[in-house]
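Subject: Structure handover

Hi,

Here is the structure you will be working with. Please open it and keep it beside this email as you read.

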Amino acid sequence: MFSDRTNLGNGGRMPRVRFVQQDGSGKSIEVGPDVSVMLAAVRNGIHGIDGECGGCLDCATCHVYVDEEQASSLPQPSEEELELLSAVSGERKPNSRLSCQLKVPAPLDELVVHVPARQS
């Protein structure tokens, strides 16, 4: 398991991302402040996050649903992200985001994302 321990914010604790699968199972992973949710998923073998373009905002295979209560804590998606979200193969929802564009914002200890049934 890979963790970037370069910045221990939140009172000395690393921020975390919790990946929730379709069956309700989940896995929490520590991430550094400059590590994208997609990169954390790929480095830790999270099923359902492909990240085929490596995080270059070019493929939309890292689509996730941000926990609805946390969605407003994140920066708004860019025009490029919105354009790619229009072509995701999983159901697009109001809380759909590309995980390559997400980092855990400082006020949160853990960001919860739900993995769609399919990416491509």
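Below is what was found in it, from the overall fold down to single residues.

First, the ground rules. This is a predicted model, so local features need pLDDT of at least 70, side-chain atom pairs count only at pLDDT 80 or more, and totals for chains, interfaces and linings use all residues. Residues are numbered from 1 along each chain as its sequence is written, and side-chain values use heavy atoms, with hydrogens and water left out.

**Overall fold**

The protein has 3 helices and 5 strands. These are DSSP runs, numbered from the N terminus: helices are H or I with at least four residues, strands are E with at least two. Along the sequence the pattern reads α-β-β-α-β-α-β-β.

Of the 120 residues, 44% are buried. Buried means under 20% relative accessible area, exposed means over 50%, and partly exposed is in between (1.4 Å probe, protein chains only). The accessible surface is about 6400 Å², and carbon and sulfur atoms hold 46% of that. These areas come from the Shrake-Rupley method with a 1.4 Å probe; for residues, only the protein chains shown count as cover.

Now the contacts, meaning heavy atoms within 4.5 Å. Take those between residues at least 6 apart in sequence: 66% of them join residues at least 24 apart.

**The core**

In soluble globular proteins, nonpolar side chains tend to be buried together. A nonpolar core here is a set of buried Ala, Val, Leu, Ile, Met, Phe, Trp, Tyr and Cys residues joined through side-chain atoms within 4.5 Å. Which residues touch the most other members of the largest one? They are Phe19, Ile49, Leu98, Leu111 and Val113, out of 27 residues. Two or more residues each come from β1 (16–20), α2, β3, α3 (79–85) and β5 (110–114). Helix α2 gives the most, with 4 residues.

Look at valine 113. Leaving out residues up to four places away in sequence, valine 113 touches Val17, Arg18, Phe19, Val20, Val37, Val64, Tyr65 and Val66.

**Charged side chains**

Side chains of opposite charge can pair when their charged atoms come close. A salt bridge needs a side-chain nitrogen of Lys or Arg within 4 Å of a carboxyl oxygen of Asp or Glu. By this rule there are 2 salt bridges.

- Arginine 16 pairs with glutamate 30 (3.5 Å, N to O). Arginine 16 is in β1 and glutamate 30 in β2 (residues 26–30), so the pair ties together parts 14 residues apart in sequence. Arginine 16 is partly exposed, at 27% relative accessibility.
- Glutamate 81 pairs with arginine 97 (2.8 Å, N to O). Glutamate 81 is in helix α3 and arginine 97 in strand β4 (residues 96–98), 16 residues apart. Both residues are buried.

**Loops**

Leucine 57 lies in the loop between α2 (37–43) and β3 (63–66). Leucine 57 is not a glycine, yet its phi is positive, at about 60°. Alanine 60 is found in the loop between α2 and β3. Alanine 60 has a positive phi of about 65°, and is not a glycine either. Is alanine 60 buried or exposed? Alanine 60 is buried, with a relative accessible area of 6%.

Leucine 102 is in the loop between β4 and β5. Leucine 102 is buried, at 2% relative accessible area. Beyond its neighbours within four places in sequence, its contacts include Val35, Leu74 and Arg97.

Best wishes
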